[in-house]
Amino acid sequence: MVLVLNGVLQDDCPLNTTSLFLQHPVYRDHANQLLSIPTKTVGPIGLLYVRQREMAAVAPHDKNVTIIGSDDATTCIIVVVRHSGSGAVALAHLDGAGTDEAVSAMVTRVQELGIGYPEGRIELQLIGGFRDQKGYSEDLFYNIMRTYTKEE
């Protein structure tokens, strides 16, 4: 896939979050904004909860799901893939196991749910991970980015 960050076509994927934030400080600002939003407890009706090492995808007109989410992403990263034309969304809670398979499944499922809708692009959002001493989150970040950029 072609990688565009902040409207700029990238030749290579970022090696780590430090290089991403240095080249595109708007993402650091967005991360800080996300951190400032208070947590909210939601009830089970309409909620599709994705646990660690799980993935789910939904279309925007799904009558049973109004919220898709996960939590507790410490060294893990929550990955959201969205088709801009259809609004179809896939969410995975990745910890490094099965990253390539999850990426492929997410993209495929979002594209399938987008059939019949206007053309759109695949949008990627990453949430979670922190700078742990062993660098697990940074390795996972790079593996996720690398996998998406090689996905066709």
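The chain exposes about 9,600 Å², and carbon and sulfur atoms supply 52% of it; accessible areas come from the Shrake-Rupley method with a 1.4 Å probe, and for residues only the protein chains shown count as cover. This is a predicted model, in which local features need pLDDT of at least 70 and side-chain atom pairs count only at pLDDT 80 or more, while totals for chains, interfaces and linings use all residues. Residues are numbered from 1 along each chain as its sequence is written, and side-chain values use heavy atoms, with hydrogens and water left out.

**Overall build**

- The chain holds 4 helices and 8 strands; these are DSSP runs numbered from the N terminus, with helices being H or I of at least four residues and strands being E of at least two.
- Read from the N terminus, the order of elements is β-β-α-α-β-β-β-β-β-α-β-α.
- The radius of gyration is 15 Å, which agrees with the value near 15 Å for a compact globule of 152 residues; this radius is taken over C-alpha atoms, and the globule rule is 2.2 Å times the number of residues to the power 0.38.
- Along its principal axes, the C-alpha trace spans about 40 × 35 × 30 Å.
- Of the 152 residues, 33% are buried; buried means under 20% relative accessible area, exposed means over 50%, and partly exposed lies in between (1.4 Å probe, protein chains only).
- Taking contacts between residues at least 6 apart in sequence, 62% join residues at least 24 apart; a contact means heavy atoms within 4.5 Å.
- There are 12 positive and 18 negative side chains, and the centres of the two sets lie 5 Å apart. Lys and Arg count as positive and Asp and Glu as negative, with His and the chain ends not counted; each charge is placed at NZ of Lys, CZ of Arg, CG of Asp or CD of Glu.

- How many of the 6 residues of strand β7 are buried? The count is 6 of 6 for residues 89–94, so β7 is largely enclosed by the rest of the structure.
- Both faces of β7 are covered, with V89, L91 and H93 buried on one side and A90, A92 and L94 buried on the other.
- Strand β4 (residues 55–58) pairs with β7 in the antiparallel sense over 4 bridges, and V58 has V89 as its bridge partner. Two strands pair if DSSP finds at least two bridges between them.
- Strand β6 (residues 77–83) also runs antiparallel to β7, joined to it by 6 bridges; here I77 stands opposite L94.
- The hairpin of β6 and β7 has 5 residues between the strands, and G87 in this hairpin takes a positive phi near 85°.

- H24 sits in the loop between α1 (17–23) and α2 (25–36), and its relative accessibility of 6% makes it buried.
- Setting aside neighbours within four places in sequence, H24 is in contact with L5, N6, V8 and Q10.
- Q10 belongs to the loop between β2 (8–9) and α1, and counts as buried at 15% relative accessibility.
- Not counting residues up to four places away in sequence, Q10 touches L3, L5, Q23 and H24.

**Loop residues with positive phi**

- R53 lies in the loop between β3 (47–49) and β4. Its phi is near 70°, a positive value in a residue other than glycine, and R53 is exposed with a relative accessible area of 60%.
- D72 is found in the loop between β5 (67–69) and β6. Its phi is near 60°, again a positive value in a residue other than glycine, and D72 is exposed at 63% relative accessibility.

**Two partly exposed residues**

- D71 is placed in the loop between β5 and β6 and is partly exposed, with a relative accessible area of 34%.
- Which residues does D71 touch, not counting those up to four places away in sequence? They are Y49, I78 and H93.
- The C-alpha atoms of D71 and Q52 are separated by 8.8 Å, with the two residues 19 apart along the chain.
- R28, in helix α2, is partly exposed, with a relative accessible area of 35%.
- R28 and V107 are 79 residues apart in sequence and 25 Å apart in space, C-alpha to C-alpha.
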